[in-house]
Amino acid sequence: MKKIFLTLSILSLSISCNNDFVDIKDEGQTNVANFFTTQDDAMQATNAIYSFLRSWENSGFPAQYVFGVTGDDVEKGSNPGDASFINAYDNFTFTVSDDGVRGYWIGQWQAVNRANQVITNVPKIDMDATLRTRLVAEARMLRAYFYFNLVRIYGGVPIYDGLPADGNYLKARNSTAEVYNFIASDLIAASQVLPQTYSAADRGRVTKGAALGLLSKVYLYMKDYQKAYDTSNQVIGMGYSLDPDFNHLFRPAGEFGSESVFEVNCDCSAEFGGSQYAEVQGVRNQFGWGFFTPTQELENAFEPGDIRKELSILREGETTLEGDLIKKGDPQAGNMWNQKVYVPSSLNNNACGYGSIQNIRILRFADILLINAEAANELGNTAVAITNINKVRNRAQLGNTTASSQGALRTAIWQERRVELAMEMDRFPDLVRTGQAATYLGPKGFKTGKNELFPIPLDAMNQSNGLFVQNPGY
């Protein structure tokens, strides 16, 4: 049997001369047979799961064109000839052999394995019992997140609840429903252990609110509206609130603020390096590579007076509130970029590359309010739905919604999700789960009955020894 290795340090990122690609190498590996003996080992192994959240595979390129470019709010960006392979995601011509399909699959399974290493091995360590229980809960919460990514993109996948005792990783795919139930069980278990807050030294570790917040979103995807409503109500009662300043929310000063439910700490450090999340999306040849840019369709989606439009879209020639004149260094690039990942030049830490201090907001309180509103509306409680959608709209300096019927409110909530969560990798899965994908993505090449899911990568199919059944249409 092949030995399983656990990467304990963040992956080393080295940029090529053309800034187009990144070579990824493991800095250090430790044989699991000689590991998991001390409390420090347990902490290092758990931190290795967190390090994946900021990794190239999870937030650099593959996730951005799997979750982002497939929607109608994000396009490839950069210049036309740079990484043109990403266009396959814009027009749904990717295949079972596509590197992005394969890269995202491999990355998420690497992360699941890191979580399972902790879940299986940490309980055997003689260490502080309270910390041991908490670290396992953190691993279960993070494993649930990675499985949530997998099931939304690929559908049913094999469930590995810890490391297989017999070392056998050849398993058939579980059903989508089974995977969602597994995710829910992980999140419920984690929420019963995780603390609601941490000290400043542990900022970015998952909390009870993060577990329950993600659980409410999972229930929404499962269309279990009662549980989505009840669980999101628990989160609402935990003291979170909307940041009154939408611009502040996405700047370094707004990190881990009142709206943060699940946020990745990307501080540049000697142990973990930084993150390229902002760099790959930064203004082309001024701050970054200029990929994954807002579309005209997104700009048109904002209603008049919505302050989020200009605070989500960064434009050539504008001067930001922080004093940076936006001026691209590539005449072939477009003229709009994602302002949510913008880091003012006065705050940039060049030790880890542009924007490496920019945290990744995975789940915000605004999302929780909209989850609650959608679930309440589906349960017939339009009054609660109106109250919560209006909280999000009012922060954007918009008036209250005019929708009042269940059908009109459903449309209004979906629209509010689009503009509030723009370019936060929610649009494509939202369109699929709400049945709107063909309407919005059909002109791009989306085919109903096929493109709701991505294909299982060809090498994964081949290595399954016939146990995997390919998704329809591929």
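**Exercise 1. Locate Thr 231 in its helix and decide whether this residue is buried or exposed.**

Thr 231 belongs to helix α9, residues 225-236, where helices are DSSP runs of H or I with at least four residues, numbered from the N terminus. The model is a predicted one, in which local features need pLDDT of at least 70, side-chain atom pairs count only at pLDDT 80 or more, and totals for chains, interfaces and linings use all residues. Residues are numbered from 1 along each chain as its sequence is written, and side-chain values use heavy atoms, with hydrogens and water left out. The relative accessible area of Thr 231 is 6%, so this residue is buried (under 20% relative accessible area, with exposed over 50% and partly exposed in between, for a 1.4 Å probe and protein chains only). Setting aside residues up to four places away in sequence, Thr 231 touches Leu 212, Leu 215, Ser 216 and Tyr 219, a contact being heavy atoms within 4.5 Å.

**Exercise 2. Determine how α13 is oriented relative to α14.**

Begin with α13 itself, residues 365-378, whose 14 residues reach 20 Å from first to last C-alpha, close to the 20 Å expected. Because 13 of these 14 residues are buried, α13 is largely enclosed by the rest of the structure. Just after α13, Gly 380 takes a positive phi of about 90 degrees.

Next, take the axes of α13 and α14 (residues 382-395), which come within 7 Å and cross at roughly 155 degrees; axes are lines fitted to C-alpha atoms, for helices over the stretch in contact, and angles run from 0 to 180 degrees between N-to-C directions. The two helices are therefore roughly antiparallel, a term for angles over 145 degrees.

Finally, identify the residues that meet: those of α13 include Leu 369, Leu 370 and Ala 373, while those of α14 include Val 384, Ile 389 and Val 392.

How values were computed: Expected span 1.5 Å × (residues − 1). Parallel < 35°, antiparallel > 145°, perpendicular 65-115°, else oblique.
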